[in-house]
Amino acid sequence: MTDEHCEKPCAKGGCSRAEFLRTAVPCVGGAWALMAAYPIYSYLTPNSSDEPESKVSSVTVGSTKDLPPGSGKNFKFGSTPALIVHTKDGTYHAFSAVCTHLGCTVQFRPDKDQIWCACHGGCYDPSSGKNIAGPPPKPLTALKVDVVDDKIIVSKA
Ligand code: FES
């Protein structure tokens with residue numbers, strides 16, 4: 001953004017008040033507009049960086065007794081937040097818990113039977129991880145779930 005007033009300094013020897021204001025007001029206004037626009041741009045732009053790769057290949061989340069149907073649990077998959085959901089139909093689903101909008105940690109809400117992001121109200125389907133409402137632009141990254149001797153094991157899909 002260029003403004004000819006910003007490029008024209010006052011002649012040596014000083015400016016009149018009117019010349020000063022003709023130069024200063026558009027410059028200050030332009031700077032203020034940029035400062036106001038940046039947070040709005042940041043809010044509307046999805047996080048373009050991919051989430052960090054976890055070096056962990058599998059994690060034992062707990063026992064099947066600890067996760068009845070219709071419940072969910074957040075856990076760490078290496079250094080990455082993750083989420084497991086035991087849906088009412090009796091199946092287990094695990095996902096990265098990093099919201100695809102701006103990276104907040106999502107959680108399972110049993111009252112709504114949805115995965116929910118508290119930051120901006122994003123909602124995901126608990127069976128597929130698909131983004132179903134709010135600002136998230138894409139589904140959650142799925143993880144693989146195995147149940148071995150009542151232990152729930154989550155690994156990379
Ligand atoms: S970070 Fe915005 S909806 Fe999750």
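This is a predicted model: local features need pLDDT of at least 70, side-chain atom pairs count only at pLDDT 80 or more; totals for chains, interfaces and linings use all residues.
Figure 1. Because 18 other C-beta atoms lie within 10 Å, D125 is classed as partly exposed. Apart from neighbours within four places in sequence, the contacts of D125 are with K130 and I132. I115 is 10 residues away from D125 along the chain, and the C-alpha atoms of the two are separated by 6.3 Å.

**Figure 2. The open sheet of six strands.** The strand order is β1-β10-β9-β4-β3-β2, and the pairing is antiparallel. At the edges stand β1 (58–63) and β2 (71–77); each has a single partner strand, so one side of each lacks a neighbour in the sheet. From one strand to the next, the twist averages 30 degrees.

**Figure 3. Pairing of β9 with β10.** Strand β9 comprises residues 142–148 and pairs with β10 in the antiparallel sense over six bridges. Within this view, D146 is positioned opposite I153 of β10.

**Figure 4. The largest nonpolar core.** This core contains 21 residues, and those with the most contacts inside it are A82, L83, I84, A94, V106 and V154. At least two core residues come from each of β3 (80–86), β4 (92–96), β6 (114–117) and β10 (151–156). The greatest contribution is that of β3, with four residues. In soluble globular proteins, nonpolar side chains tend to be buried together.

**Figure 5. Contacts of V106.** V106 is among the residues with the most contacts inside the largest nonpolar core. When residues up to four places away in sequence are not counted, V106 touches L83, A97, C99, I115, W116, C117, Y124 and L140. One of these partners, L83, is also listed among the core residues with the most contacts inside it.

**Figure 6. The chain as context for the close-up views.** The secondary structure comprises two helices and 10 strands. Read from the N terminus, the elements follow the order α-α-β-β-β-β-β-β-β-β-β-β. Of the 157 residues in the chain, 21% count as buried. Among contacts between residues at least 6 apart in sequence, 40% join residues at least 24 apart.

How values were computed: Residues are numbered from 1 along each chain as its sequence is written. A nonpolar core is a set of buried Ala, Val, Leu, Ile, Met, Phe, Trp, Tyr and Cys residues joined through C-beta atoms within 7 Å. A residue is buried if 20 or more other C-beta atoms lie within 10 Å of its own, exposed if 12 or fewer, and partly exposed in between; C-beta atoms are placed from the backbone. Two residues are in contact if their C-beta atoms, placed from the backbone, lie within 7 Å. Two strands pair if DSSP finds at least two bridges between them. Axes are lines fitted to C-alpha atoms, for helices over the stretch in contact, and angles run from 0 to 180 degrees between N-to-C directions.
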